[in-house]
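Visitor: Could you walk me through this model, pocket and salt bridges included?

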Amino acid sequence: MQRPPAEVRYADELRRLRETDSDPRPPGWALSLRAARRFIIGDERAGITRKFVGDPSLIDRALVSLATSRGLMLVGEPGTAKSLLSELLAAAVSGDSTLTIQGGAATTEDQIKYSWNYALLVADGPSTRSLVPAPLLRGMSEGKVVRFEEITRCPLEVQDCLLSPLSDRVMAVPELTGPEAMVFATEGFNIIATANTRDRGVNEMSSALKRRFNFETVFPIADLSTELSLVEAEASALLRRSGVTAAPRRDVLEVLVTAFRELRVGQTARGDSMDRLTSVMSTAEAVSVAHAVGLRGWFLRGEAGTAEDVVSCLAGTAAKDSPEDLAKLRRYLEQQVRGRRGTQWKALYDARHLLPG
């Protein structure tokens, strides 16, 4: 698999945590809150790796929300690891992060709740045998956490199908009769939804649905060294899986991450104002560019990527949302990078001609 789910990638850690977890746990949970917290933020003494870089108090609030009868809504800028956090939370709480709904303009209630095997439906009529459960119905009946990615990309009427499962913990199946016509949630069920702040208002959530969620904001990484270490670790792992044996160069990554941070906030490290790009210059995008830089250097020249590769790969990131972003990137290289000390900064400036246009 290109990317196994969290419960597969960290199966050994989850097993060890379950074996040593003696703390009280909410009904239906695979781990206690303390063990789930250790799984996400790490515990060096127990050999548990840190998987999410952020405020530990955010993890505490998120876990407490999931232990209540309210859902958890993670909001923030694109690329701030909201989806990763929801996956880790689901793996810790339920041992299963695959009950996932990907929101979009074409998402329907059938993809969220249930659908039918039409051959069996025609042959036998409505029955549990012809019912095809979707993630929400499975999560309620199995007592597991359901992840709803990019919920605000769904039409409002589709979003509101979550109202009864979140408030009354029940889902009606009107095609069936008797006790089978109602699915009642079992212990452990809850919903984690994500929405990025750039898309807020595309399909604004109803007030009724908002009241059924606790909202938590996931902020970008504030510290340069922390973000640099994260990009280095993630890019190195991606490069190894891509067959690249050359480790990414630290000095090249430092230039890349610094440039991303300055283009993200519209201000240099010295405090000088500059044009801010409309494209998302997130940590996740920085990891993607670092991966591409390493691939470019290794497969084209048999070496680790250089600052020249950074410029070539940055163009595809900067020009996603607006043609003006490419001009802003060019001005950044010509005005802000020029004269900076360091071999890689000089190489970055000298490679500005590689930008298209």
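Visitor: Which helices and strands each supply at least two residues of the lining of the largest pocket?
Guide: This is a predicted model, where local features need pLDDT of at least 70, side-chain atom pairs count only at pLDDT 80 or more, and totals for chains, interfaces and linings use all residues. Residues are numbered from 1 along each chain as its sequence is written, and side-chain values use heavy atoms, with hydrogens and water left out. Helices (H or I, at least four residues) and strands (E, at least two) are DSSP runs numbered from the N terminus. On that basis, the suppliers are α4 (56–66), α5 (82–94), β9 (213–218), α12 (224–241) and α14 (283–301).

Visitor: How much space lies in the largest pocket?
Guide: A pocket here is an open set of points on a 1 Å grid over the protein atoms alone, where a 1.4 Å probe fits, with protein on both sides within 12 Å along at least five of seven lines. Grid points are joined across faces, edges and corners, and the volume is the space filled by probe spheres set on the points. For the largest pocket that gives about 1500 Å³.

Visitor: And which lining residues lie nearest the centre of the largest pocket?
Guide: Lining residues have an atom within 4 Å of a point, and there are 47 of them. They divide into 20 nonpolar, 13 polar and 14 charged, where Ala, Val, Leu, Ile, Met, Phe, Trp, Tyr, Cys and Pro count as nonpolar, Asp, Glu, Lys and Arg as charged, and the others, Gly among them, as polar. Nearest the centre lie A81, L84, E234, A284 and V287.

Visitor: How many salt bridges does the structure hold?
Guide: Side chains of opposite charge can pair when their charged atoms come close. The cut-off here is a side-chain nitrogen of Lys or Arg within 4 Å of a carboxyl oxygen of Asp or Glu. By that rule the count is 31.

Visitor: How far apart are the closest N and O atoms of D12 and R15?
Guide: Both residues sit in α2 (residues 11–20), 3 residues apart, about one turn of the helix. An α-helix has 3.6 residues a turn, so residues three or four places apart point the same way. The pair also belongs to a salt-bridge network with R16 and E19. For D12 and R15, the closest N and O atoms are at 2.4 Å.

Visitor: Are D96 and K144 buried or exposed?
Guide: D96 forms a salt bridge with K144, with 3.3 Å between the closest N and O atoms. D96 lies in the loop between α5 and β2 (100–102) and K144 in the loop between α8 (135–142) and β5 (145–149), so the pair ties together parts 48 residues apart in sequence. With buried meaning under 20% relative accessible area, exposed over 50% and partly exposed in between (1.4 Å probe, protein chains only), D96 and K144 are both buried.

Visitor: Which residue of β8 does G76 stand opposite?
Guide: G76 belongs to β1 (residues 71–76), where 6 of 6 residues are buried. Strands pair if DSSP finds at least two bridges between them. β1 runs parallel to β9, with 6 bridges, and parallel to β8 (residues 190–196), with 5 bridges. G76 faces V218 in β9, and in β8 its opposite residue is N196.
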